[in-house]
Structure formats: C-alpha cells, structure tokens
Amino acid sequence: MIEGQLFQILGNFGFPITIAIYLLMRFEGKIDSLRNSIDLLSNDLTKTNHERSKK
C-alpha cells in the first residue's frame, strides 16, 4: 500500500520537478548573457554621464 502511494506521489510531482530543473538549467546561460549585456550597458552609461559632466 505504501509503495503504491510513493509511486503516485513520484508520478504527480516527479515530472513537473524534472521539467522545472531542465528549464532552469537551460535558461541559466541566457540569464548570464542578459546580465553581461546589462552590465556593459550600465558601464557605457556611467562612462557617458562622466564624460558629459566634465564638459
């Protein structure tokens, strides 16, 4: 009886957890790329504002 419940719990939650982990791993690289782009943009804006303040 307990084994049946265990398999039912794994069946109900195992698939969504597996999909969530897969998607998080897949999106990790894209998130890192976006973060790098945002950092570059922030640095460019800071540099531009600093140059404007000198004038």
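Student: Which helix does Phe27 lie in?
Tutor: Phe27 lies in helix 1, which covers residues 2-54. Keep in mind that this is a predicted model.
Student: Switching to Leu41: where does that lie, and what's its relative accessible area?
Tutor: Leu41 lies in helix 1. Its relative accessible area is 51%, so Leu41 is exposed, given that the class starts over 50%.
Student: How far apart are Leu41 and Gly29 in space?
Tutor: They're 19 Å apart, C-alpha to C-alpha, with a sequence separation of twelve residues.
Student: Zooming out, how many helices and strands does the protein have?
Tutor: One helix and zero strands. The radius of gyration is 23 Å, while the globule rule gives 10 Å for 55 residues, so the protein is more spread out than a compact globule. Along the principal axes, the C-alpha atoms fill a box of roughly 80 × 15 × 10 Å.
Student: What share of the residues is buried?
Tutor: Buried residues make up 0% of the 55. The protein exposes about 5600 Å², with carbon and sulfur atoms supplying 65% of that.
Student: And charges: how many positive and negative side chains?
Tutor: There are 7 positive and 6 negative ones, and the centres of the two sets lie 14 Å apart.

Terms used:
Residues numbered from 1 in each chain as written. Predicted model: local features only at pLDDT ≥ 70, side-chain atom pairs only at ≥ 80, totals over all residues. Heavy atoms only, no water. Helix = DSSP H or I, 4+ residues; strand = E, 2+ residues; numbered from the N terminus. Rg over C-alpha atoms; globule rule 2.2 N^0.38 Å. Buried < 20%, exposed > 50% of the residue type's maximum accessible area, 1.4 Å probe, protein only. Areas by Shrake-Rupley, 256 points an atom, 1.4 Å probe, with all protein chains shown as cover. Lys, Arg positive; Asp, Glu negative; His and termini not counted. Charge placed at Lys NZ, Arg CZ, Asp CG, Glu CD.
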